[in-house]
Amino acid sequence: MKKQLTAIALLGALFAAAGISQAFAETAPAKPAAKKKAPAKKAPAKKAAAAAAAPAAKMPFSSDAEDDDSEPELGGTLSADYNCELGNKLTIWKNEADDKHIAIRWNKKINRLTRVDTTTGAHRFENRKVGLVWIGIPAKGLLLDSKKGQQLANECKNAEQQQASAAAPVVAAAPKN
């Protein structure tokens with residue numbers, strides 16, 4: 001009987017605390033109402049249609065804005081061409097002053113990706129809106145589609161990585177007896 005009373009008392013205390021916090025939230029002072037401005041004149045429909053048809057402005061390469069699907073500005077960046085398995089090709093632009101972003105050209109479209117911290121030391125960049133994920137390690141790179149959950153390009157290597165892999169000796173496995 002004591003256990004049931006204790007449980008009921010605890011539940012009552014929880015509900016009371018929830019009710020008090022909700023009542024406090026309802027009585028908290030609201031922000032003062034903003035003064036209303038006179039309604040703005042509507043733009044002619046032709047101008048609105050022309051503005052919608054105009055290409056979107058390019059996003060600065062180094063901005064701290066959220067991921068966007070607009071094309072980044074590439075002025076002052078260094079590029080590297082990557083050759084991947086199955087004849088796939090991509091280009092990556094980096095700005096030496098900004099190690100938090102890269103731009104990548106995949107399927108004739110340039111997207112800005114933002115660095116995501118990893119515990120492994122791999123360089124991981126993502127654009128969640130578009131769904132692209134670039135993972136770079138010293139030996140190669142990998143491009144993923146996070147929305148579909150599949151690889152887009154694997155074994156991507158720039159000229160430096162291709163030379164390093166060609167110069168590396170091939171180690172043959174010892175024959176089993």
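Predicted model: local features only at pLDDT ≥ 70, side-chain atom pairs only at ≥ 80, totals over all residues.

**Entry 1: the chain overall.** I counted three helices and eight strands in the protein chain. Reading along the sequence, I get the pattern α-α-β-β-β-β-β-β-β-β-α. The protein chain has 177 residues, and 24% of them count as buried. I looked up the surface too: the chain exposes about 13800 Å², with carbon and sulfur atoms supplying 59% of it. For contacts between residues at least 6 apart in sequence, I find that 34% join residues at least 24 apart.

**Entry 2: salt bridges.** How many salt bridges does a search of the whole structure find? I get three.

Arg124 pairs with Glu126, with the closest N and O atoms 2.8 Å apart. Arg128 also forms a salt bridge with Glu126, here at 3.3 Å between the closest N and O atoms. I therefore noted Arg124, Glu126 and Arg128 as a linked network of salt bridges.

Is Glu126 buried or exposed? Its relative accessible area is 11%, so Glu126 goes down as buried. The arginines come out otherwise in my list: Arg124 has 26% relative accessibility and so is partly exposed, while Arg128, at 62%, counts as exposed.

The remaining pair I wrote down is Lys140 with Glu155, whose side chains meet at 3.0 Å, N to O. Lys140 sits in the loop between strand S6 (132-136) and strand S7 (141-145), and Glu155 is in strand S8 (residues 150-156), so this pair ties together parts 15 residues apart in sequence. I checked the accessibility of both partners: Lys140 is partly exposed at 24%, and Glu155 is partly exposed at 28%.

**Entry 3: Arg105.** I went to strand S3 (residues 98-106) and picked out Arg105 there. Its relative accessibility is 35%, so I log Arg105 as partly exposed. Which residues does Arg105 touch, leaving aside those up to four places away in sequence? My list reads Leu90, Thr91, Trp93 and Ile110.

Definitions and conventions. Residues numbered from 1 in each chain as written. Heavy atoms only, no water. Helix = DSSP H or I, 4+ residues; strand = E, 2+ residues; numbered from the N terminus. Buried < 20%, exposed > 50% of the residue type's maximum accessible area, 1.4 Å probe, protein only. Contact = heavy atoms within 4.5 Å. Areas by Shrake-Rupley, 256 points an atom, 1.4 Å probe, with all protein chains shown as cover. Salt bridge = Lys/Arg side-chain N within 4 Å of Asp/Glu carboxyl O.
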